[in-house]
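Subject: Structure handover and notes

Dear colleague,

Please find below the structure that I promised to pass on, followed by my notes on what was found in it.

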Amino acid sequence: MTVDARYLRQTAAIGAELEKLGFKVEEVRPEIGAIFGAGDSDLFPRAARIAGVQEVREEGRVQLPPSDGDTPQ
């Protein structure tokens, strides 16, 4: 979740609201306006309606190529 810059001081409270919805909040980072956690995607629209929530999105995945001496990581 991304928290709107105007609500950074309320990041912990927003995290508590997300937990009430059923999200498992794993980390709250008010200094960067982010809340990390897990929850069913059917909860996303309800989470997006919480005051101060700017964006709700699923975790992305990144796959690096196999390491070798010729390929920088």
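Predicted model: local features only at pLDDT ≥ 70, side-chain atom pairs only at ≥ 80, totals over all residues.

**Ser 41 and the conventions used**

Ser 41 sits in the loop that runs between β3 and α2, where helices (H or I, at least four residues) and strands (E, at least two) are DSSP runs, numbered from the N terminus. With a relative accessible area of 47%, Ser 41 is partly exposed; here buried means under 20% relative accessible area, exposed over 50%, and partly exposed in between, with a 1.4 Å probe and protein chains only. Residues are numbered from 1 along each chain as its sequence is written, and side-chain values use heavy atoms, with hydrogens and water left out.

**Helix α1**

The buried residues of α1 (11-21) are Thr 11, Ile 14, Gly 15 and Leu 18. Seen down the helix axis, these buried residues fall within an arc of 105 degrees, so they line one face of α1; the arc is that of the directions from the helix axis to the C-beta atoms. As background, an α-helix has 3.6 residues a turn, so residues three or four places apart point the same way. The buried residues of α1 pack against β1, β2 (24-29), β3 (34-38), α2 (44-48) and β4 (53-55), whereas the face turned away from the buried side carries the exposed residues Ala 12 and Lys 20. Just after α1, Gly 22 takes a positive phi of about 120 degrees.

Not counting residues up to four places away in sequence, Thr 11 touches Val 3, Val 28, Arg 29, Pro 30, Ala 34 and Ile 35, where contact means heavy atoms within 4.5 Å.

Asp 4 is found in the loop between β1 (2-3) and α1, and with a relative accessible area of 18% Asp 4 is buried. The side chain of Asp 4 reaches the backbone nitrogen of Arg 6 at 2.8 Å, and, once its neighbours within four places in sequence are set aside, Asp 4 is in contact with Gly 52 and Gln 54.

Glu 27 belongs to strand β2 and is partly exposed, its relative accessible area being 36%. A polar contact of 3.5 Å joins the side chains of Glu 27 and Arg 29, and, leaving out residues up to four places away in sequence, Glu 27 touches Ala 34, Ile 35 and Phe 36. In the loop between β2 and β3, Ile 32 is exposed, with a relative accessible area of 52%; the C-alpha atoms of Ile 32 and Thr 2 are separated by 8.6 Å, although these residues are 30 residues apart along the chain.

Ala 48 lies in helix α2 and is partly exposed, with a relative accessible area of 41%. Apart from its neighbours within four places in sequence, Ala 48 is in contact with Val 53 and Val 56.

**The largest pocket**

About 510 Å³ of space lies in the largest pocket. On a 1 Å grid over the protein atoms alone, a pocket is an open set of points, where a 1.4 Å probe fits, with protein on both sides within 12 Å along at least five of seven lines, and lining residues have an atom within 4 Å of a point; grid points are joined across faces, edges and corners, and a volume is the space filled by probe spheres set on the points. Of the 20 residues that line the largest pocket, Met 1, Gly 37, Arg 57, Glu 58 and Glu 59 are the closest to its centre. The elements that give two or more residues to the lining are β2 and β3, and the largest share, five residues, comes from β3. By class, the lining has ten nonpolar, four polar and six charged residues, where Ala, Val, Leu, Ile, Met, Phe, Trp, Tyr, Cys and Pro count as nonpolar, Asp, Glu, Lys and Arg as charged, and the others, Gly among them, as polar.

With best wishes

Note on methods. Polar contact = N/O pair within 3.5 Å; in protein donor to acceptor, adjacent residues only side chain to side chain.
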